[in-house]
Amino acid sequence: PLVWVLGSAPIVSAGAQPVGLEALAEDGLPDEFAATLAARPDVEQFGISPGVAPGATTTWEFSAPRDAAGFQLASMIVESNDGFVSSAAPVTLFDAQGKALSSQTVPLVYWDAGTEANEALFMGRYQAPRQPAPNTGPREGEVRLFDTTTRALPEAASMARFSASLKEGTYTIAVLNSSEEGGQFVAPLGVMFYAVHDDTWSLYDVGGPASLGLKLQAEVGDPTGLLAEVAGEEGVGFAGRTLGANAPGQTYGFDVTPTAKHRFLTFLARVNRTNDVFLSTVGSIELIDADEVLRPVAELVVDLNRQIAIYDAGTEANETTAAGFNMGAIGVSVPDPDDKIRLYRDSTNDLAGPMAGGLLSVTVVNRATAGEFDVTVTNTAHETSFNALLGGLAWATHNPAMTFFTAGALSVSPELELLAEDGDAIPLADSIAASDDVGASGQIGSRLAPVLAGESHQFVATASAAHRFLSFAVMIAPSNDTFAAMRALALVDASGAPRSDDDIAADIEAHVAVWDAGTEQSQAGAGGRDQWPRSVLGRGRPEGDGLVRDRSLSTYVLADPSLLFEVTVAPIP
């Protein structure tokens, strides 16, 4: 639902407390925000209008005095965590003489309410309509169990930006790989296939299976199969391919000359670092209108940037984005259990389940000397869909008073932040070494030499009756601030007698979990610009401070609101 007002001051401002906004931004419930506005002295009128589905319109009427303050509105962006859109500024309804102004488009801006940790758009567990109940998502900046998708991808608008020119009936289409700018998922775009065609032809059907040519294009970026499939088809006037792929920050392009018969454009490019994901048009894009007139370049560019989406070809099972074992390879893929072409919306968390979804194996066994234990932490990522690394590991034996972190806290120590974001365990190990709550401690491994799949961290831990518990923390990478921790595993009993290997082994799984430090905004899967090991130290954006902020400062952003929504206010004749 939309909340609208007549008021002189902006109804939303950056850096403000989200008073009344939480229910609107997280759950689409407008009453609390409307009540907050009603209490403001600068608000003259307010109301609530029904929400708007894609392709639909909602209309309402109101009466305003000729000296009325500006018109404004706000509404949740459904499928986000706490994103909403509002007027950029109050819209004046009357001129200086009190005459109603003609129809006006209301400029819109995106906001982040700052109340809930952001997940990938359309893929988050705590986004309406998937959330188990209203107001259930974790707070921004909160140390919490990692419970989000490792297969996230941003919207197509974050991957590509289009421009065009027209000369003597030929359009030149330029495609900028803009993935580095936002940093959500940095990846090349493969060779782009394009076709000019009539209104009877389509390259693929959403909900149907992919052709062999599309499979080849989506999995390895080879368009030769598609070119062969469309050759000679009556509905296709011309089909071609770009000369190469398109690395982040680079531009490639192509020329198309439409005719009255073949006046539509469709294109498709593989999104690299995925299994079978491709960027393509939503339907087809009109180059010549129904009156057989070439469309103005500015109008065409709007559609090029609006009518794009990221699709799953349904030919290969998805893995953690940018960290799968079978991406870009021929003949080694696992078939997708859903073999239909569809919008990419994979919300799988590959770290869910025991032992980080099978990514870790931990063994603790008694040594010959009583109170000493051999500890082995093995990276078993090769048995999963996430080709992950392990950073440096910090460990300690300790009493019950000691803990590396507190679940639900809104901050972690700077030392744990370094471990969680950058894989550097040395500061954390050093910070706990002198504590009376710690008996023995240390660190192993280095951010410069991460532990690969199949390799292990190994160390010897010493426990006693006074310090009988073992804890460790180790970063899982690539990620922004994800780490695995074993917390307070008892190695000896209260008298100091070592527990048996079997008893310890039976307890390990219950003490190991994967955590989000809440210190850095999470980016898509393992493909974010600011994720270690490819990141510059400290470059990632903080997750948030609980205040309203411009949505562009959040990791997952949408296309410019003018491409997605249109709001007009006009006098009734």
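## The chain as a whole

Among contacts in the chain between residues at least 6 apart in sequence, 72% join residues that are at least 24 apart. This is a predicted model, and in it the chain has 11 helices and 27 strands. Buried residues account for 53% of the 573 residues in the chain, while the C-alpha trace spans about 90 × 70 × 35 Å along its principal axes. The chain exposes about 23300 Å², of which carbon and sulfur atoms supply 54%.

Strand β3, which takes in residues 71-76, is mostly covered, with six of its six residues buried. The cover extends to both faces of the strand: Phe71, Leu73 and Ser75 are buried on one side, and Gln72, Ala74 and Met76 are buried on the other.

Strand β1 (residues 2-7) pairs with β3 in the antiparallel sense over five bridges, and Trp4 stands opposite Leu73 of β3. β3 also pairs with strand β4 (residues 83-87), again in the antiparallel sense, over three bridges, and here Ala74 stands opposite Ser86 in β4. The hairpin of β3 and β4 has six residues between the strands, and in this hairpin Glu79 takes a positive phi near 80°.

β4 pairs in turn with β6, in the antiparallel sense and over five bridges, with Gly83 standing opposite Asp112 in β6. β6 is itself mostly covered, since four of its five residues are buried. Two bridges join β6 to strand β26 (residues 549-550), the two strands running antiparallel, and Trp111 stands opposite Asp550 in β26.

## The second largest pocket

β6 (108-112) also contributes to the second largest pocket, where β6, β8 (160-167), α3 (179-182) and α11 (561-564) each supply at least two residues of the lining. About 480 Å³ of space lies in this pocket. The lining consists of 24 residues, and those that lie nearest the centre of the pocket are Ala157, Val557, Leu558, Ala559 and Asp560. By residue class, the lining of the second largest pocket divides into 10 nonpolar, eight polar and six charged residues.

## Helix α6 and its surroundings

In helix α6 (residues 297-306), the buried residues are Leu300, Val301, Asp303, Leu304 and Asn305. An α-helix has 3.6 residues a turn, so residues three or four places apart point the same way. The buried residues of α6 pack against β8, β9 (170-177), β13 (264-271), β15 (285-286), β16 (308-312) and α11; of these elements, β8 and α11 also supply residues to the lining of the second largest pocket.

## Leu491, a buried loop residue

Where in the chain does Leu491 have its place? Leu491 is in the loop between β24 (482-490) and α10 (501-511). Leu491 counts as buried because its relative accessible area is 0%, and the cut-off for a buried residue is under 20%.

When residues up to four places away in sequence are not counted, Leu491 touches Val364, Phe373, Thr397, Ala461, Ala463, Arg468, Leu470, Pro498, Arg499 and Ile504. Leu491 and Glu233, by contrast, are 258 residues apart in sequence and 71 Å apart in space, taken from C-alpha to C-alpha.

Note on methods
Residues are numbered from 1 along each chain as its sequence is written. This is a predicted model: local features need pLDDT of at least 70, side-chain atom pairs count only at pLDDT 80 or more; totals for chains, interfaces and linings use all residues. Side-chain values use heavy atoms; hydrogens and water are left out. Buried means under 20% relative accessible area, exposed over 50%, partly exposed in between (1.4 Å probe, protein chains only). Two strands pair if DSSP finds at least two bridges between them. On a 1 Å grid over the protein atoms alone, a cavity is a set of points where a 1.4 Å probe fits but cannot get out, and a pocket is an open set with protein on both sides within 12 Å along at least five of seven lines; lining residues have an atom within 4 Å of a point. Grid points are joined across faces, edges and corners, and a volume is the space filled by probe spheres set on the points. Ala, Val, Leu, Ile, Met, Phe, Trp, Tyr, Cys and Pro count as nonpolar, Asp, Glu, Lys and Arg as charged, and the others, Gly among them, as polar. Contact means heavy atoms within 4.5 Å. Accessible areas come from the Shrake-Rupley method with a 1.4 Å probe; for residues, only the protein chains shown count as cover.
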